[in-house]
Amino acid sequence: MVSDNNGRSLVVIQLTGGNDYLNTVIPYENELYYDNRPTVHQKQIDVIKLDGELGLSPSMGSIKHLWDDGKVAIVNGIGYPEPNRSHFRSMDIWHTAEPTKVIGDGWLGRAVRDLDPKGENVLTGLNLGRGLPRALSCRGVPVASVGNLESYGLFPDVREEEARRDTLNTFAQMYGGAEGRDAISQFIGETGSAALKGADILRTAPEKYSSSVEYAANPLAQSLKDAAQVMCADLGTRIYYAQHGSFDTHGGQLPTHNKLWGEVSSAVGDFMQDVREHGRDEETLVFVFSEFGRRIKDNGSGTDHGSGGVAFCIGGSVEGGLYGEYPSLKEHDQLEGDLHFNNDFRSTYSTILEGWLGLDAVPIVNGNFEQFDFIRKSKISHKLSGVG
Amino acid sequence: MSGQDIELMAHLMRRAGFGATRGELEEMVDKGYEETVEELLFPQDGPRLGDDVIRRYHVDIHESRIPEPPATEWLYRMVTTSSPLEEKIALFWHGIFASSFSKTQQSRSLAVQIDMFRRFGLGRFDSLLLELSKDPVMIIWLDNQDNHKGAINENFGRELLELFSMGDGNYSEQDIKECARAFTGWTLGNAEYMTARAMKASIWPYGAIAWHFGYRDYDHDDDEKTFLGETGRFNGEDIIEIICRQTATGRFMARHLYDFFVADEASVPQWPYTPPLDPDAIETLARAYVESDHDIRSVLRILFNSDFFKDAKFARVKCPAEFVAGVIRLGGDVDEPSLEMNEAGNLMGYMGQSLFAPPSVEGWHEGTEWINSGSLVERVNFAAEYFNDVEKPGVRDIIERLAKQNGGSFSPEDVVNSCLDLMGPITMSEESTRSALIQHVAKKGDLSLRERESGKAEDDRVAELLGLIAATKEYHRA
């Protein structure tokens, strides 16, 4: 059987700062929610109901539409043992899939390595932002990092067309020269040439793309627009990475949290509509996570760092529904004042790696973790069904 | 003054500092190479942009308000200090004693740790390790506050031997346990107070107050221990004394110093299996370590004055801190604080080196591992744009010097050669780079700086060329 995983892509959205789980997926019928959140709660009437117990934050309308279409899997109570409440350390743990040791390589960098073992495509992994998140970094694995697709590339400050062409030509000559080079020079030359090539290829993406979807101006929406453009240009990119924040809502939480989720929700909604318009929604999986949830009790205006959280998997091939268990708010079930996690984040990672990307998850997450079934068993690819 | 003198001095300053302008290099050549090395080895409290001035502009840094490591604060020091080796040695130790913001989340304590590297980093290795063992960031980073009498936590004990002194293969697992026992009771002095503060003020929990060291006699295991074949009722100081007189320690430190100051070695985990690039050099440095009674300054004196150092021009890949600080020092425009420095501080992170946040306890992977397509684009774009600006004092200085050469008239080849000289001197590893630059300049013909009153188009051409030189393969190397 031919694997049809080759066209599938994963879009990871990191909610930076620690998203407040309780105000994202809200146990709106539970009195303990209102008792613990005298100030920082959503009014029951405003909650977008999913079922008789749980509902979404009022600004998550677009995600509710996708939920109604059966395309949203909500992973409740996600976390890891002995939670760390430091942003940096906890984010490291999510990035490296390693809760006990401090290591440098990221799980998605390892996935890129396994998707493209010979490193043939510099665009297999694409970060939409500056710098490289640790999740995508892996020794010897090239990953492109794009702050803004429109202006991406070398010498963005040289704008005049002829000068730009001359400058890039000179750069190509300087990095492409072959004679008498030592190993360091060889390596820098090859990397520069690859960067130039990657930028050249990426620059073609916006030209090929057209869409009726108008994305919002916020950075996440623009990043997802960039992802859609690269996806539609068929450049072989399999993993995209974007971030939004800051969800670190210690004070004045309600308006900030509503605004942030409004941005995330509409950006994801627009993106899914865009990929559907281009016939790719069944080949696209969006994964949304945050480094931790927040405390059960509010602090009068916001919430402090906690543990136990929620992740979302959204896409045309997702078996929508609730996964994991919603953690109990009862005092004796709590973990030091936090929601108690009940499923390891590496279960979700393993599901994505194996069920979606067709990779062996064990070496990437360094262990065997029970998998969810939120990815629909793949139908016979339409590419194959046309044959004969 | 010969071209070779300038070239050697430029090499010294790229390694012992963050590069130098032509004017600075000329002064140093007048003073002499050995004398310059001596001045570098004895940092003075000379002029630099003062912390008080920086804080007035960067309230965020001063009040530790931003939940991020204080990279910008350190970058100011690197670009304005008149004792560059003081910053360079701190950077060296930061890469080896790599502890991160991720576990402490407290800028103040990290800044205190780096300041300790400045003060002790060129001195006796024993004193440095002792200070390191009492450093609150290190205690938290390697869990020594959880290392108790009767219930040891080996984390610090293990890394002290493996990463901070002798290297893998020179001690047993039993030695690690005995080492950890000796450091029981070495903990934080104000943990309860800091926790109380954190509970009270949740947003910026720790503000400007740092942790400090505390020794708990009642929690210290005072029984007999056998460590590296010696037996006694050792405390931490005794363990450090034993470690520092091991041959393995001298060799391990010699290789680290060679790797950082001379030429990129294989990555540290490979060292037990890969011979050094230059075994004689390591031997020389290891002997200097023993003969000087573990004095880092004395080892560096030998290193900087050695032929193996002088012959290693451009043998290293610049780390992001060297790259960014080097560009800004040569551009020479930081005489007051500006918010643009925050962007420059972030840039080092985009290039793969977030100061105070190394990827793991092993520090950064260096050498060619600094270069990937993302980091290379950041490096090239930053440097090319920085120099392509005739308003920058460093760029103006180069243009003025150029105007005095050749009567101000240049063929494309002459102007490329002169600019390569004034920006470094930079030696081209390949002729193709130079010829690409010459072809680029030749598109607009010869260059004349004689009648510059009539317009600044010619100045712009020089600045553009400086930007392109900063975009070469060679500029990534130190």
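**View 1. Where chain A meets chain B.** In this predicted model, 46 residues of chain A are in contact with 39 residues of chain B. On the side of chain A that touches chain B, the elements that give two or more residues are α3 (87-96), β7 (144-146), α5 and α6 of chain A. Which of them gives the most to that side? It's α6(A), with 10 residues. Sorted by class, the side of chain A that touches chain B comes out at 19 nonpolar, 17 polar and 10 charged residues.

**View 2. Helices α5 and α6 of chain A, packed together.** Here we zoom in on two of the elements from the first view. Helix α5 covers residues 161-176 of chain A and helix α6 covers residues 183-208 of chain A, and the pair packs at an angle of about 145° with axes 8 Å apart. The crossing of α5(A) past α6(A) is left-handed. Which residues do the touching? From α5(A) come A:L168, A:F171, A:A172, A:Y175 and A:G176, and they meet A:G189, A:G192, A:S193 and A:L196 in α6(A). Split by class, the residues of this contact of α5(A) with α6(A) are five nonpolar, four polar and no charged.

**View 3. Strand β1 of chain A and its two partners.** Is β1(A), residues 9-16, mostly covered or mostly open? Mostly covered: seven of its eight residues are buried. One partner is strand β9 (residues 284-290) of chain A, which runs parallel to β1(A) and is joined to it by seven bridges.

**View 4. A three-stranded open sheet in chain A.** The strand order in this open sheet is β2-β4-β3 (chain A), and the pairing is antiparallel. Which strands sit at the edges? Those are β2 (25-27) and β3 (48-49) of chain A, each pairing on one side only. Between β2(A) and strand β4 (residues 54-56) of chain A, three bridges make up the antiparallel pairing. To find your bearings, pick out A:I26, which stands opposite A:G55 in β4(A).

View 5. Stepping back, chain A has 11 helices and 12 strands. Its radius of gyration is 22 Å, close to the 21 Å that the globule rule gives for 388 residues, so chain A is as compact as a globular protein of that length. The C-alpha atoms of chain A fill a box of roughly 75 × 50 × 45 Å along the principal axes. Buried residues account for 53% of the 388 residues in chain A. Take the contacts in chain A between residues at least 6 apart in sequence: 72% of them join residues at least 24 apart.

**View 6. Chain B, on its own.** How many helices and strands does chain B have? The count is 26 helices and six strands. For 478 residues, a compact globule would have a radius of gyration near 23 Å, and the 24 Å of chain B agrees with that. Along the principal axes, the C-alpha atoms of chain B fill a box of roughly 80 × 55 × 40 Å. Of the 478 residues in chain B, 52% are buried. Among its contacts between residues at least 6 apart in sequence, 76% join residues at least 24 apart.

Terms used: Residues numbered from 1 in each chain as written. Chains lettered and ligands numbered in written order. Predicted model: local features only at pLDDT ≥ 70, side-chain atom pairs only at ≥ 80, totals over all residues. Axes fitted to C-alpha atoms, helices over the stretch in contact; angles between N-to-C directions. Helix = DSSP H or I, 4+ residues; strand = E, 2+ residues; numbered from the N terminus. Left-handed = near helix turned anticlockwise from the far one by under 90°. Contact = placed C-beta atoms within 7 Å. Nonpolar A, V, L, I, M, F, W, Y, C, P; charged D, E, K, R; others polar. Rg over C-alpha atoms; globule rule 2.2 N^0.38 Å. Buried ≥ 20, exposed ≤ 12 C-beta atoms within 10 Å, placed from the backbone. Pairing = 2+ DSSP bridges.
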